[in-house]
Amino acid sequence: MSNGIVHWFRFASPQSFYPLAGKMAPWFAALAGLLGAAGLWIAFFVAPTDAQQGESYRIIFVHVPAAWMSMFLYVVMAAWAGLGLVLNTRLSSMMAHAIAPTGAMFAFLALWTGALWGRPTWGTYWVWDARLTSELVLFFLYLGYMSLNAAIDDPRRGDRASAVLALVGVLNVPIIYFSVQWWNTLHQGASVSLVRAPSMAATMLTGMLVMALAFWMYSIAAALARVRAIMLEREAHMQWTQQLPEAVT
Amino acid sequence: MDTAVAGGSDVNWGSASEFFAMGGYAFYVWGSFVTAAVCLAVEVALLRGRRRNALALVHGERMRNEATA
């Protein structure tokens, strides 16, 4: 029984996770590329024109997956940050920092593509509607998390302070998700629900899910690549980084 | 994409120009997809740069250690 525990804690040290992350990242990147190509194919060549919105609805294939990822990555980031706060493990906080920029990028993309979709369908790029505002708050939470961490010189103190911010900010995620039910918003309801039959054409749903998977794989690859850089930065003075073949030359 | 493909690309677009026009919504549709592509490309470039700098930092630390040893 103790074997399982020992095994997992082994990868909790940067020294052993660094090569593992290096081996995994290219596979996730390749999957992201393949799924992205398939998703774009479905988005532009398989999914039919929408009866009401014409071709403008195709923005859904980047907007919804980006919005999903922005929320999902925030929860994962906060979980790693919380784990680092409780267990005081170095790698957990590094994982949280590695996820933040990618999450911020997806939050930005959700807002940007939403604005470009809002203009032709609602007649405006922006409204202070509950869904849009709470997603904007999510974007600012990511930025706040990153700048708080960057502003504190001692990395371990920065880890703890930013973890508290990340954990408090988690409250915003259910607010974003349920905002379309709780308030009367201009934004439409959930695109995909587990409790009712899909309301859109099967090809549209497939395209959206394939794009979401592509973004998911991309996020894992990007987070793994970034956590490797963070490990090198933070442990540059340590023997294990200095003995890496890529650091010798 | 002016060739007919099994599965039917002709269902949506009669010609390449029709494809790029996006039924009059070109600015909005391409504005979304191109921005997304640019964001991903920029992040990948930043990640490469960050790794390069981190390795240089490790290398520098190593040189300093060897000099003092």
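A residue is counted here as buried if 20 or more other C-beta atoms lie within 10 Å of its own C-beta atom. By this criterion, 24 of the 33 residues of helix H8 of chain A are buried, so H8(A) is largely enclosed by the rest of the structure. The model examined is a predicted one. Helix H8(A) comprises residues 202–234, and at 1.5 Å a residue these 33 residues should span 48 Å. The C-alpha atoms at its ends are 47 Å apart, which agrees with that expectation.

Chain A as a whole contains ten helices and zero strands, and its pattern along the sequence is accordingly α-α-α-α-α-α-α-α-α-α. The C-alpha trace of chain A extends over about 60 × 40 × 35 Å along its principal axes. Of the 249 residues of the chain, 43% count as buried. When contacts in chain A between residues at least 6 apart in sequence are considered, 78% of them join residues at least 24 apart.

The contact between the two chains takes 35 residues from chain A and 29 residues from chain B. On the side of chain B that touches chain A, 15 residues are nonpolar, nine are polar and five are charged.

Two packed helices are described by the angle between their axes and the distance between the axes. Helix H4(A) and helix H2 of chain B (residues 26–68) pack at an angle of about 170°, with their axes 9 Å apart. Because angles over 145 degrees count as roughly antiparallel, H4(A) and H2(B) are roughly antiparallel to each other. Residues of H4(A) that make this contact include A:Met105, A:Leu109, A:Trp112 and A:Trp117, while those of H2(B) include B:Tyr28, B:Ala36, B:Cys39 and B:Glu43. By class, the contact of H4(A) with H2(B) has nine nonpolar, five polar and two charged residues.

Conventions
Residues are numbered from 1 along each chain as its sequence is written. Chains are lettered from A and ligands numbered from 1 in the order in which they are written. This is a predicted model: local features need pLDDT of at least 70, side-chain atom pairs count only at pLDDT 80 or more; totals for chains, interfaces and linings use all residues. Helices (H or I, at least four residues) and strands (E, at least two) are DSSP runs, numbered from the N terminus. The expected span of a helix is 1.5 Å times one less than its number of residues. A residue is buried if 20 or more other C-beta atoms lie within 10 Å of its own, exposed if 12 or fewer, and partly exposed in between; C-beta atoms are placed from the backbone. Two residues are in contact if their C-beta atoms, placed from the backbone, lie within 7 Å. Ala, Val, Leu, Ile, Met, Phe, Trp, Tyr, Cys and Pro count as nonpolar, Asp, Glu, Lys and Arg as charged, and the others, Gly among them, as polar. Axes are lines fitted to C-alpha atoms, for helices over the stretch in contact, and angles run from 0 to 180 degrees between N-to-C directions. Angles under 35 degrees count as roughly parallel, over 145 as roughly antiparallel, 65 to 115 as roughly perpendicular and the rest as oblique.
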